[in-house]
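Here are a few friendly notes to read alongside the structure.

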Amino acid sequence: MAEKLKGENAVNRVTLLDRVWLSEDTFQLKCTRPEEFTFLPGQHVSFSVGNFCREYTMVSADTDDFLLFLIKRLPEGKLSPQLADMPLQTQIAISPPAGYLVNRNSPDMQVFVATGTGIAPFISMVRSGARDFTLIHGARDRVELFYEKELQKHAASYIRCLTTSKAVNCNLEGFYSGRVTSFLKKSFTEGRYAFYLCGVWEMIQEVTHIIDERFPASVIYSEGY
Ligand SMILES: Cc1cc2nc3c(=O)[nH]c(=O)nc-3n(C[C@H](O)[C@H](O)[C@H](O)COP(=O)(O)OP(=O)(O)OC[C@H]3O[C@@H](n4cnc5c(N)ncnc54)[C@H](O)[C@@H]3O)c2cc1C
């Protein structure tokens, strides 16, 4: 149950249950789900550790009895290295869920654009039943296309954009050699879409400009890290 800390923000306490490394620097963190904690797929919570608060997006389904997060360990970061090293069974305070990057069930084709851990909100949406979407997923290397098989199974169209030199020569169907921005500029069919963008701010800004130019009647929902 949510409690009040310092007389201000309602917080929930979760216990770390498991940590699985999905690549050299990115892990999935499993936590208990507090009673009465509900969220909309795509929403995030704020983790508080010591003096630091940082947001992380649920990748679990809204019906799972645990919470899952996909977290990138930034070596110079204040909080993500702590979450990477913290012993299991540690208790952490999290805020109530927040955020507006949630499934709008738009009549236009839904196009999810994600880079890195920005795939997180879309994983939760897919696990909670989202289908018939196009996903443009950017990563350096294939190992960073987190949850690739699961996404491939449920997306109507899944474009994997890879940017390392190893990937640039890969001619497999469904792969694009280059950034998501380049794909949207050069290869995505013009039309009217409901775009959902998630990743670092630089990507969001660049993609927003491209959408304004090439897909002007589209709507954009976005969340930058
Ligand atoms: C709404 C929201 C949802 C988020 N969801 C997630 C999530 O699901 N998983 C996740 O790993 N992070 C997520 N983030 C980012 C997260 O909140 C932290 O900013 C990140 O973990 C860095 O915190 P830190 O204390 O380790 O580093 P800091 O000491 O804050 O410094 C890190 C620096 O790296 C930049 N940065 C932040 N995130 C990334 C990233 N993913 N890749 C590259 N550079 C980055 C920051 O802008 C900052 O300049 C989210 C952020 C927001 C605003």
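1. Which of the 19 residues around the ligand come nearest? They are Arg54, Glu55, Tyr56, Leu79 and Ser80. Please keep in mind as you look that this is a predicted model.

2. Two of these names return when you turn to the oxygen atoms of the ligand. A polar backbone atom of Glu55 is 2.6 Å from an oxygen atom of the ligand. For Tyr56 the side chain takes part: one of its N or O atoms is 2.6 Å from a ligand oxygen atom.

3. On its own the ligand has 890 Å² of accessible area, and the protein covers 74% of that.

4. Where does the ligand sit? You will find it in the largest pocket. The shell around it draws on both domain 1 (3-94) and domain 2 (109-224), so the ligand lies between them.

5. At least two shell residues come from each of β5 (52-57), β6 (66-72), α1 (80-85) and β13 (219-224). Of the elements, β5 gives the most, with four residues.

6. Sorted by class, eight of its residues are nonpolar, six are polar and five are charged.

Terms used: Residues are numbered from 1 along each chain as its sequence is written. This is a predicted model: local features need pLDDT of at least 70, side-chain atom pairs count only at pLDDT 80 or more; totals for chains, interfaces and linings use all residues. Side-chain values use heavy atoms; hydrogens and water are left out. A residue is near a molecule or strand if one of its heavy atoms lies within 4 Å of it. A polar contact is a pair of N or O atoms within 3.5 Å; within protein, one must be able to donate a hydrogen and the other to accept it, and residues adjacent in sequence count only if both atoms are side-chain atoms. Accessible areas come from the Shrake-Rupley method with a 1.4 Å probe; for residues, only the protein chains shown count as cover. On a 1 Å grid over the protein atoms alone, a cavity is a set of points where a 1.4 Å probe fits but cannot get out, and a pocket is an open set with protein on both sides within 12 Å along at least five of seven lines; lining residues have an atom within 4 Å of a point. A molecule sits in a cavity or pocket if more than half of its atoms lie within 2 Å of its grid points. Ala, Val, Leu, Ile, Met, Phe, Trp, Tyr, Cys and Pro count as nonpolar, Asp, Glu, Lys and Arg as charged, and the others, Gly among them, as polar. Domain bounds come from an automatic or database domain assignment.
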